[in-house]
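Trainee: Before we look at the model together, could you show me how to read a helix and its side-chain pairings with care?

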Amino acid sequence: MILLVIVLAGIGSYLFRSVFILALADRTPPPVVSKALRNVGPAVLSALGVTDLWGPSAPPVGTPELLGVLAAGLAAWRTRNLIVAVVVGMVVRWVLLAVGL
């Protein structure tokens, strides 16, 4: 019974997501929508980062985390590349943790 519920939930989730993709596959979104969608990735990453650092169940935030966030923000601003920003922020945090800051 539980397996049936899991399978049905998976099928329902797949259909719910694919309906929009299939219905809009042959249409070009308006320029306003295309412009807004470019900001979805950075907005989601920012929301996840902020809730991880300052949310109700977040661990204590120290210097390595704050400097990593600042370095990631600077990298994102300079390169306009989300992957570079994530890598720079994590490397700065790991290096600061390794040296004992």
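Predicted model: local features only at pLDDT ≥ 70, side-chain atom pairs only at ≥ 80, totals over all residues.

Trainee: Which residues is E65 in contact with, leaving aside its neighbours within four places in sequence?

Mentor: Once those sequence neighbours are set aside, E65 is in contact with L53 and R93. The second of these deserves attention, because a side-chain nitrogen of Arg within 4 Å of a carboxyl oxygen of Glu is read as a salt bridge. Here the side chains of R93 and E65 meet in such a bridge, at 3.3 Å from N to O. R93 belongs to helix α5, residues 82–98, and E65 to helix α4, residues 63–79, so the pair ties together parts that are 28 residues apart in sequence.

Trainee: How many salt bridges does a search of the whole structure find, and is R93 buried or partly exposed?

Mentor: The search finds one salt bridge. As for R93, its relative accessibility is 25%, so it counts as partly exposed, whereas E65 at 16% counts as buried.

Trainee: How should I check the length of α4, and which of its residues are buried?

Mentor: For the length, one compares an expected span with the distance between the end C-alpha atoms; at 1.5 Å a residue, the 17 residues of α4 should span 24 Å, and the end C-alpha atoms are 24 Å apart, which agrees. The buried residues of α4 are P64, E65, G68, A71, A72 and A75. These residues cover an arc of only 125° around the axis, which puts them on the same side of α4.

Trainee: What covers that buried side, and which exposed residues does the face turned away from it carry?

Mentor: The cover over the buried residues of α4 includes α3, residues 40–54, and α5. On the face turned away from the buried side, α4 carries the exposed residues L70, W77 and R78.

Trainee: What happens in the backbone just after α4?

Mentor: There, R80 takes a positive phi of about 60°.

Terms used: Residues numbered from 1 in each chain as written. Heavy atoms only, no water. Helix = DSSP H or I, 4+ residues; strand = E, 2+ residues; numbered from the N terminus. Buried < 20%, exposed > 50% of the residue type's maximum accessible area, 1.4 Å probe, protein only. Expected span 1.5 Å × (residues − 1). Arc of directions from axis to C-beta. Contact = heavy atoms within 4.5 Å.
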